[in-house]
Amino acid sequence: MHLLSQYLHRVFYTDTRALSFMRVWVASVLLLDIGIRASDLEAHYSNMGILPLHALHANAWNQYFFSLHALSGMWQFQVVLFVVAGAAAVCLLLGYHTRWATFLSWLLLLSLQNRNPLITQSGDSLLRMLLFWGMFLPWHRHYSLDARRSLTSETSPHYLSVASAAYLLQVAWVYVFTALLKSGPDWTTDGTALYYALSLDQILMPGGRILYQYPLLMKQLTHATYFLELWLPFILLIPWKNTWFRMIFFVAIVGLHIGISLTLFVGLFYLISISAVIGLLPTPVMDTVDKYLRTGYARLHKRWAKAGNGWRSPVDLQLRLQWNTPRVKNSFLGKYLREGVVLVALVLALWWNLSTLGKPYFQVPTGAHWAVMIPRLDQNWSMFAPNVFKDDGWYVLEGITNGNRKVDLNQQGKEPDTTKPASVMSLFKNDRWRKYSENYLFGPNAYMRPYYCFYLLRRWNEDHPKAEQINELSVVYMKEFSLPDYKTAPIQREVLCHCKP
């Protein structure tokens, strides 16, 4: 038992300062996510947009889902919820009533994601899970307004609980299951996954264009990525020289996601993934980080005092981010009840991940789905798995005006042209729209096509004089299938939807 205790303390501990640092990053990304989503509030979350409530409930709703955002199809109602979510995220950022802010942020994020599953991606699942585990982690103990009310201070930032173990395992199994689901030859034998990924013009970034010119390097990076995702997380379980192994994992994962962000258009996924590993920073590293933060904080106050002629710093007055640990009042029963809840959630989340591997003996019984789906512990890390998607292409939105002129809504009203745009990725306002366009192609999602078509038609007519308004619209996909050796199949023109007002 003594050896087991030593192992747990060395492997599954977290530094409370690292957790608090992660809280700031997660809250910042959450605010960014809310801002990006708010720019498409009517399109993505109201009955005037691409997924009205009746279509959601008829085609994309799970019986165990919960969504405040689905209580009304009015965009004004969505504005209120977005404002509340933004306020909760700001409180989380500042560490003000942190546990309640975390709970409210998680609840509203879950609600928002359930409202429109057609625009969600893997990063959304990770962000949701970070907030879920954060409800049970002491990430309010440092760099927070809650710490201002500190009456006592703990001598060690070392923290171990079921929640800290769940958080570490969550970060680790994201990469392990991603690799296990990449079972196709693109990853395991041929090493062509990165080649095919960079052949997708819909997500190709400038850095990817450069890398695309080196086939041998892409093959080596494919095998390196697969090996890193499958095996690197296990070094977190090594009890010796844990500080070094954690830093190896941290640097490798941060480097991986920075590389992805430079080559592929993945939205906020890389920022969410980087924020997820910040809480793993070991104590010796956080000693140095904390020292620099203290020094910078002190300099800020000195400069303010010198420039303000005696005026007290507003940071000191309102956002006084203390370094001490606030008193934690936990009853014996409450502590073990909380640990029990986290343990059950951890088992369910792991079980669900195992079920995604497709093995019959790992499947979660239907009767237990409610326990996973209500708090959205469900996860699927099949990114570019089992093989990379090879159907590439771009959209042409062909409208016919009242003056019988053809226009392409994707090209600001220019005459439709079947030539591939110089940058297909630039046709999308953000990654939410890119993800939606990807889901738009799949046969099971055919129900969503008319809503998008009529939404585009209505918005165009609202913004243009009668002579330039369109009386019919075709959503056309120019399909370009990627082949080996920098070749593509002949382009096919597919009309996915045609609508008239």
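How close do the axes of α6 and helix α7 come, and at what angle do they cross? The axes come within 9 Å and cross at roughly 150°; they are lines fitted to C-alpha atoms over the stretch in contact, with angles from 0 to 180 degrees between N-to-C directions. This makes α6 roughly antiparallel to α7, a term for angles over 145 degrees.

This is a predicted model, in which local features need pLDDT of at least 70 and side-chain atom pairs pLDDT 80 or more, while totals for chains, interfaces and linings use all residues. Residues are numbered from 1 along each chain, and side-chain values use heavy atoms, without hydrogens and water.

Helices are DSSP runs (H or I, at least four residues) numbered from the N terminus. Contact between α6 and α7 (heavy atoms within 4.5 Å) involves Trp106 and Leu109 of α6, among others, and residues of α7 including Leu127 and Phe132.

The model has 1 cavity of 30 Å³ or more. A cavity is a set of points on a 1 Å grid over the protein atoms alone where a 1.4 Å probe fits but cannot get out, and lining residues have an atom within 4 Å of a point. The largest cavity holds about 80 Å³, a volume filled by probe spheres set on points joined across faces, edges and corners. Its lining includes Leu30, His69, Phe82 and Leu109. The largest share, 5 residues, comes from α6.

Classes are nonpolar (Ala, Val, Leu, Ile, Met, Phe, Trp, Tyr, Cys, Pro), charged (Asp, Glu, Lys, Arg) and polar (the others, Gly among them).

| Site | Residues by class |
|---|---|
| Lining of the largest cavity | 9 nonpolar, 2 polar, no charged residues |
| Contact of α6 with α7 | 5 nonpolar, 4 polar, 3 charged residues |

Terms used. On a 1 Å grid over the protein atoms alone, a cavity is a set of points where a 1.4 Å probe fits but cannot get out, and a pocket is an open set with protein on both sides within 12 Å along at least five of seven lines; lining residues have an atom within 4 Å of a point. Helices (H or I, at least four residues) and strands (E, at least two) are DSSP runs, numbered from the N terminus. Angles under 35 degrees count as roughly parallel, over 145 as roughly antiparallel, 65 to 115 as roughly perpendicular and the rest as oblique.
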